[in-house]
Amino acid sequence: MYTLRDYQQQAVDNTLAHFRKSQRSAVIVLPTGAGKSLVIAELARLARYPILVLTHVKELVEQNANKFRDMGLTPGIFSAGLKDKNLNEQVTFASIQSLSRSIDKLQQHYSLVIIDECHRVSTEQTSQYAQVITQLKKINPGLKVLGLTATPYRLISGWVYHRHYHGFVRGPSDAPFDDCIYELPLRYLINKGYLTPPRIVDAAVQHYDFSALLHGGSAPSEGDLNALLQQSTRATKAIISDVMAQSDDRCGVMIFAATVAHAEEIHRYLPPGQAHIIVGATPAAERDDIIARFKRKEFKYLVNVSVLTTGFDAPHVDFIALLRPTESVSLYQQIIGRGLRLCADKHECLVIDYAGNGFDIHHPEVGMKRPDPNSEPVQVLCPGCGFANVFWGKKDAAGQVIEHYGRRCQGLLDDGEEQQQCDYRFKFKECPQCFSENDIAARRCHNCEHQLVDPDDKLRQALNLKDALVLRCSGLSCEQTAQGKLKITYYDEDGAEVSQVYDLANAKVLALFNREFGKRHNAPGVNKWRTSEQVVALQQYLSWPDFVIARKSKKYGWQVSEKLFDYQGSYRKAYSR
């Protein structure tokens, strides 16, 4: 019988309290090594009606079932990989793949479904998880759904839940889960001695440069990775020599490779008999044998390609070598988590990132892909509600935020009856009909349903006109030309320029200027522009548009007709390649 740690008991208590008052699906976030299986076992022990515990790999099915069995209880197991398909017990631990192929057997009333590693759940109605839950809800429409994960974020689709219990919004309203009801930071477990401290050091040798393959909106292909790595064989050999030198006094080394060919190359440089490879195509029996031998410390180096980031537990691992790129803080934390479990005579886990990913293991997941290699998580206060948002951004040498990529405040406003997301938008597309602020990807105005023109269509049309000029804006400058008159000059990356004059002494013009630039700045203490003198004095804080479209007038020359801010589309912006 186990005694739950304080945070495990809190997670259980929060779950019981949530489902007593709500049918909304819920998520518990616990770092790798926090003991999610014990939380699952305790919830299963307390259940008065049949429940299902689902996960995606047989190792986790077996691990979760064993924790329940250790409490003196009998689990049912439904997993082809474990050669057992039993739905006759009150608590069944199942593989989602096996169960989705036997949906017709789900004919009894289940009160709760627990999904381990729930970041794998998507919103696709044809997914295996959706099919199983739909079937269970036919029998029990009041079915409760709980997910557990260390990383509640998917790189492509974003956060897996909508609202956080600390009072802010994460994912969209149609996220796979409704509410995060408990979350524990990794730092807490390390400080309390529940996890091994990581010792993260910079690579002492040349590391890979994957930057050319990243930040393009999708993960690099295996072919692209192999092409780059084939040009870096000298680097790979030097890196593995460094790994071996650093691992002289280490018990277990996990090496995370970028591709199968890369893993095979790495394996050739490691000591014969002291290294093995596991990839997605490794036969199940061979994989099980390699893992068992590694856990028995029969060899030191285990090389893998994207298969041992979850559901793998080898406490003696005390060196993590990253030789693969990732744009996900969550995946980075999962990988390092493989080396943080406690083990006798293990005082730290060495972590060396040879791929230059540049993440901080303690940084929170931001909720979107890192826009460029120089961005980092920054705190941005909402001028509307005061909520402290965390977005990707950049700081100056003094630590001040000079730019961020957040779109909308994530704060939740509670009037005592319902919670709503704060409507303050840092970046937006303005409706020309009613002047409402919309998300930059919106196609229709949320307020008046007016169709919003695609910015690519605007650029395409302007580029096809003889009397139109399109600037890829790379900066701006401001000057006062007369009392109250503000002249803004926009500069193209190639040296072209065009100017625009605002009479800020005119109330209507001042209101127009504030619609365009009132939020597009990071000037301290400024909520609203009031005078041309103020703008000129603080011009370095203004955000310039991504594109400026000007039309030629016979009388006045080039006149700005449109400015495109917060652009997302197929055209290249200034200084991006």
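C448 is partly exposed, with a relative accessible area of 31%. This value, like those that follow, was computed from a predicted model. The cysteine sulfur closest to that of C448 belongs to C431, at a distance of 3.6 Å. A disulfide requires two cysteine sulfur atoms within 2.5 Å, so the separation of 3.6 Å between the sulfurs of C448 and C431 is too far for a bond.

C445 was examined in the same terms. The relative accessibility of C445 is 1%, and this residue therefore counts as buried. For the sulfur of C445, the closest cysteine sulfur is that of C434, 3.6 Å away, which is likewise too far for a bond. A disulfide is a covalent bond that links the sulfur atoms of two cysteines. A search covering the whole structure returned zero disulfides.

The packing of two helices was also examined. Helix α1 spans residues 6-21 and helix α2 spans residues 36-46. Their axes come within 9 Å and cross at roughly 45°. The crossing of α1 past α2 is right-handed.

On the α1 side, the contact is formed by Q8, A11, V12, T15 and L16. These residues meet L38, V39, E42, L43 and L46 of α2. Sorted by class, the contact between α1 and α2 comprises seven nonpolar, two polar and one charged residues.

Terms used
Residues are numbered from 1 along each chain as its sequence is written. This is a predicted model: local features need pLDDT of at least 70, side-chain atom pairs count only at pLDDT 80 or more; totals for chains, interfaces and linings use all residues. Side-chain values use heavy atoms; hydrogens and water are left out. Buried means under 20% relative accessible area, exposed over 50%, partly exposed in between (1.4 Å probe, protein chains only). Axes are lines fitted to C-alpha atoms, for helices over the stretch in contact, and angles run from 0 to 180 degrees between N-to-C directions. Helices (H or I, at least four residues) and strands (E, at least two) are DSSP runs, numbered from the N terminus. A crossing is left-handed if the near helix is turned anticlockwise from the far one by less than a right angle, and right-handed if clockwise. Contact means heavy atoms within 4.5 Å. Ala, Val, Leu, Ile, Met, Phe, Trp, Tyr, Cys and Pro count as nonpolar, Asp, Glu, Lys and Arg as charged, and the others, Gly among them, as polar.
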